[in-house]
Amino acid sequence: MIPAQFDYVAAESTAHALALLAEHGDDAKLLAGGHSLLPMMKLRLAQPEVLIDIGGLAELAGVSTDGGELVVGATTRHADLAASELVRAEAPLLAYAASQVGDPQIRHRGTIGGSLSHADPAADLPMALVALGGSVELQGPGGSRTVSADDFFQGFFETAMQPDELLTAVRVPRRPGVPWGYQKFVRRANDWAIVGVAAVDGRIALANMGPKPLRAMAAEAALAGGASAAEAARHAADGTSPGDDMHADREYRRHLARVLTRRALEHETG
Ligand SMILES: Cc1cc2nc3c(=O)[nH]c(=O)nc-3n(C[C@H](O)[C@H](O)[C@H](O)COP(=O)(O)OP(=O)(O)OC[C@H]3O[C@@H](n4cnc5c(N)ncnc54)[C@H](O)[C@@H]3O)c2cc1C
């Protein structure tokens, strides 16, 4: 499992990274924590000729507030997100989701920008962003734009980001004190979710129940109509299209979505 040969450039700034992306086009890939890209390269599912390393860019890391929103820089590591007092106070679901990613080594290298850009439908942070009704900031040659989480994730490992754009920051509404629930069903500690559910303030997001993180719209509508958590949860799998693999078949995943949604709505975590 040795990657194809590639060149490596450490970007000195966001502007430098964007210039390198423009120069190398489709031959280049951004490198953040490397915990999704390098496995893909070792399997030769990705063969970039140039890696542009943004993992060390301090200007893209850290957490701050902007009015009613929490702003998280793209190269913020999962471990720093999970430990941040600000995130734990203002968007505790996001901090908890970061604490659920893989194991300590992965959480100390992997970044929120890398996880969202990679857009694995089983991943923790994309589901959390959808549940929180957050958005991402993208920067490209034409300037910056903000894309809501609902629009950003488009399909299986597919996002609305263009190859010459860079995800610079993540925004989520500040929600201190709002009840939330997070459920991740795994066979072993540190695994990816067989099914995941994140719920906050009437929004419910599902991981691994389709090609991208999904909203459980029927369950949300039932809740909005006054249904109890148990009644709403019965609709959690409506409209989903889960996969069938060695970990779980489709019907079992649908069952899990219903059970985990009830637990998440009852604001149980873990
Ligand atoms: C053994 C193992 C277990 C894991 N378990 C889990 C888990 O339980 N839950 C979970 O959610 N994840 C899990 N992960 C994935 C982990 O969270 C990764 O850190 C994450 O998916 C990718 O982040 P990264 O910073 O490592 O990105 P990289 O691997 O560096 O990059 C991933 C992709 O995103 C692009 N990219 C990176 N940053 C940007 C940016 N700012 N703008 C535009 N494009 C960008 C890269 O070009 C690449 O295509 C696991 C990974 C491993 C290896």
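Across which strands does α8 lie, and at about what angle to β13 does α8 run? In this predicted model, α8 lies across β11, β12, β13 and β14, and its direction is at about 165 degrees to that of β13. The four strands named here form an open sheet in the order β11-β12-β13-β14, with antiparallel pairing. At the edges of this sheet are β11 (180–185) and β14 (214–215), each of which pairs on one side only. Between strand β12 (residues 195–200) and strand β13 (residues 203–207), the antiparallel pairing extends over 5 bridges, and Gly196 stands opposite Ala207 in β13. A further helix, α10 (residues 217–224), lies across β13 and β14 and runs at about 160 degrees to β13.

The largest nonpolar core comprises 41 residues, of which Leu94, Leu116, Leu125, Phe152 and Leu167 touch the most other members. Helix α8 (residues 124–132) supplies the largest share of this core, namely 7 residues. In soluble globular proteins, nonpolar side chains tend to be buried together. When residues up to four places away in sequence are not counted, Leu94 touches Val72, Leu81, Val87, Ile112, Leu125, Ala128, Leu132 and Val172.

The ligand has 30 residues around it, and among these Leu30, Gly34, Ser36, Leu37 and Thr111 come nearest. For Ser36, an N or O atom in the side chain is placed 2.7 Å from an oxygen atom of the ligand, whereas for Ser115 a polar backbone atom is 3.4 Å from an oxygen atom of the ligand. A nitrogen atom of the ligand, in turn, lies 2.9 Å from a backbone N or O atom of Leu167, a residue that is also listed among the members of the largest nonpolar core that touch the most other members.

Conventions: Residues are numbered from 1 along each chain as its sequence is written. This is a predicted model: local features need pLDDT of at least 70, side-chain atom pairs count only at pLDDT 80 or more; totals for chains, interfaces and linings use all residues. Side-chain values use heavy atoms; hydrogens and water are left out. A nonpolar core is a set of buried Ala, Val, Leu, Ile, Met, Phe, Trp, Tyr and Cys residues joined through side-chain atoms within 4.5 Å. Buried means under 20% relative accessible area, exposed over 50%, partly exposed in between (1.4 Å probe, protein chains only). Helices (H or I, at least four residues) and strands (E, at least two) are DSSP runs, numbered from the N terminus. Contact means heavy atoms within 4.5 Å. Two strands pair if DSSP finds at least two bridges between them. Axes are lines fitted to C-alpha atoms, for helices over the stretch in contact, and angles run from 0 to 180 degrees between N-to-C directions. A residue is near a molecule or strand if one of its heavy atoms lies within 4 Å of it. A polar contact is a pair of N or O atoms within 3.5 Å; within protein, one must be able to donate a hydrogen and the other to accept it, and residues adjacent in sequence count only if both atoms are side-chain atoms.
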